[in-house]
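User: Hi! Could you walk me through this one with me? I'd like to chat about side-chain packing.

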Amino acid sequence: MFHFFRPNVVDSLKGYTRQRLYQDVAAGITVGVVALPLAMAFAIASGLKPEAGLFTAIIAGFLISAFGGSRVQIGGPAGAFIVIVYGILERYGLANLIIATAMSGVILLVMGLLRLGTLIRFIPVAVVIGFTNGIAVLILVSQLKDFLGLPIASMPADFFGILHTLNANLSSYNGEALGLGLVCVAVLAFWQLALPRLVGSLPSTKSFATIPGSIVVLVGATVAANTVGLEVDTIASRFGSIPSQLPAFAWPAFSWDTAKFLIIPATTLALLGAIESLLCARIADQMMADGPYGDRHDANQELMAQGIANIITPFFGGMPATGTIARTVTNVKNGGNSPVSGMVHAATLLLVMLVAAPLAGDVPLAALSAILIFVAWNMGEWREFVHLRQFRLPYRVTLLSVFLLTVILDLTVAVEVGLMAACLTFIYRISSLSRAEQVPAQAFPELLGQEAAVHAHRLYGALFFGAVPLVEAIEQTMPSQALVLDLKNLIYVDSSGADALLALVRTCKKKKVRLILSGLDHQPLDMAKRSGLLQAVPDTDRVPDLSHGLALALGR
């Protein structure tokens, strides 16, 4: 019943060589450098101090790699959590964010133990794209304050509140912060879009392309701001100095009266973390498929690792963590081939924090906001809006409703509505594929002249609660002598479908009509046994096919 705890690192280190170790160390150092600005930026955008992001990337990043079910996935703070974490902080405070994060870790751990990892794959693509694009919009809008250098002490958590606050303070923008931010966005765009093309024509630029664009922006903006003397907010001016050591374990104030209000936020964090991490792991599988280590991830083990990380990290000053797509892709592209690269990534961040923490205080917030704006842009799947007309109306409605609800109301409401819409659409589509057809007398000449005495119906598809009216319609036009049901093309019957067939049996007995079942096999046969339908129909009235059923009904 429970999933066996077996981290991927156990199997990945079999036959581990020095060459693979070199590749993992090189990839881990690269990912650590990439993660440095992102970790601080995600924490600041979530309403936390920048060190919260670093602590999370170090502690959770190490635990997710050490105990995870993926060979190359990198864990840490993610952009998808920004909106949720900021909302929890605004409504419940920091102590309750710690409890909510730990509760989400327990939920993730239980999901993994109960083998629920595969269920995440059943979340429709429209729902995932809708809330991903919605989160991207919220991240982008939330970063405009620092991008414009607006002197706003605290931002509201809701979309319209953010827009109202920005509009009210727009006249007091800082031109130097805005200019620095625009230059940073331009450099990031050049590094991602133009530089790879230059490498082909100008091989001398290849060494520059290996440097992450976010690091170029971080270092360049810091040096420029200090050299020119720009009047812009920095990490130190807003949050003070970053500590050069990991914090001690701290247990927040806790009460069960408060915990019951955190169930929904904790569940939201858990579901979002599960979706993000397993989507990330699937992308990693695709990238590793053609390589020598192309094994698939263990979804349940990954959820357990995410759970362990989120249970432990918040009590050491961290924030929610999950698998991160950008850092995982960087890991694979730079040669990472085992969980060792993820552990090296965490060790790299720890070393940077221990040695260079004082230098981070000079980083301009406008530069970090530019990095996050660029992350939000890359995070969104904007082309899906252009391609919407290619899909059916239910898909379009689901995607747009989840997107708008995520932006305007709440991610939890958006996902709930999206899943409900997707379920209703699925039920409608499956019920429309299920059908019941009366066999015409022309198809079986023996029925000619017996149309009133004997009826034959074929059932197709799935007989479930959404298709019960098909059986009820048969009861409306009963024959006088015998009714033959051909179930050969019926692939599934649920309890509601079985109840509908039992009701048909009772109606036939009441009207003294002989009911003959043909072609009952596989899952429908198993359901017939368990529901009592098989016992309600005599053995003599169950035949292998429709021809035998008609012969029996006509007494031939």
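**Rings and cores**

Analyst: Happy to! Let me begin with Phe316, which is partly exposed at 24% relative accessibility (between 20% and 50% relative accessible area; buried is under 20% and exposed over 50%, with a 1.4 Å probe and protein chains only). This is a predicted model, where local features need pLDDT of at least 70, side-chain atom pairs count only at pLDDT 80 or more, and totals for chains, interfaces and linings use all residues. Residues are numbered from 1 along each chain as its sequence is written, and side-chain values use heavy atoms, leaving out hydrogens and water.

User: Thanks! How many aromatic pairs are there?

Analyst: The count comes to 11 aromatic pairs, taking Phe, Tyr and Trp rings (the six-membered ring for Trp) with centres within 6.5 Å; planes under 30 degrees apart are stacked, over 60 edge-to-face, and the rest tilted. The pair of Phe5 and Phe67 is tilted, because the ring centres are 6.0 Å apart and the planes are at 50°.

User: Where do Phe5 and Phe67 lie?

Analyst: Phe5 is in the segment before α1 (8-12) and Phe67 in helix α3 (residues 50-67), so the pair ties together parts 62 residues apart in sequence. Helices here are DSSP runs of H or I with at least four residues, strands are E runs of at least two, and both are numbered from the N terminus. Phe5 is partly exposed at 37% relative accessibility, and Phe67 is partly exposed at 28%.

User: Back to Phe316: how are the rings of Phe249 and Phe316 placed?

Analyst: Their planes are at 70° and their centres 5.6 Å apart, so the pair is edge-to-face. Phe249 sits in the loop between α12 (235-239) and α13 (256-259), and Phe316 in the loop between α15 (299-312) and β2 (322-323), so parts 67 residues apart in sequence are tied together. Ring pairs also link Phe249, Trp251, Phe315 and Phe316 into a cluster.

User: New topic: is Asn96 buried or exposed?

Analyst: Asn96 counts as buried, at 14% relative accessibility. Asn96 is found in helix α5 (residues 94-113). Leaving aside neighbours within four places in sequence, Asn96 is in contact (heavy atoms within 4.5 Å) with Thr258 and Leu262.

User: And which residues touch the most other members in the largest nonpolar core?

Analyst: Among its 81 residues, those are Leu48, Phe131, Ile135, Ile235, Leu272 and Leu368. Such a core is a set of buried Ala, Val, Leu, Ile, Met, Phe, Trp, Tyr and Cys residues joined through side-chain atoms within 4.5 Å. Apart from that core lies another, of 30 residues, including Ile474 and Leu534.
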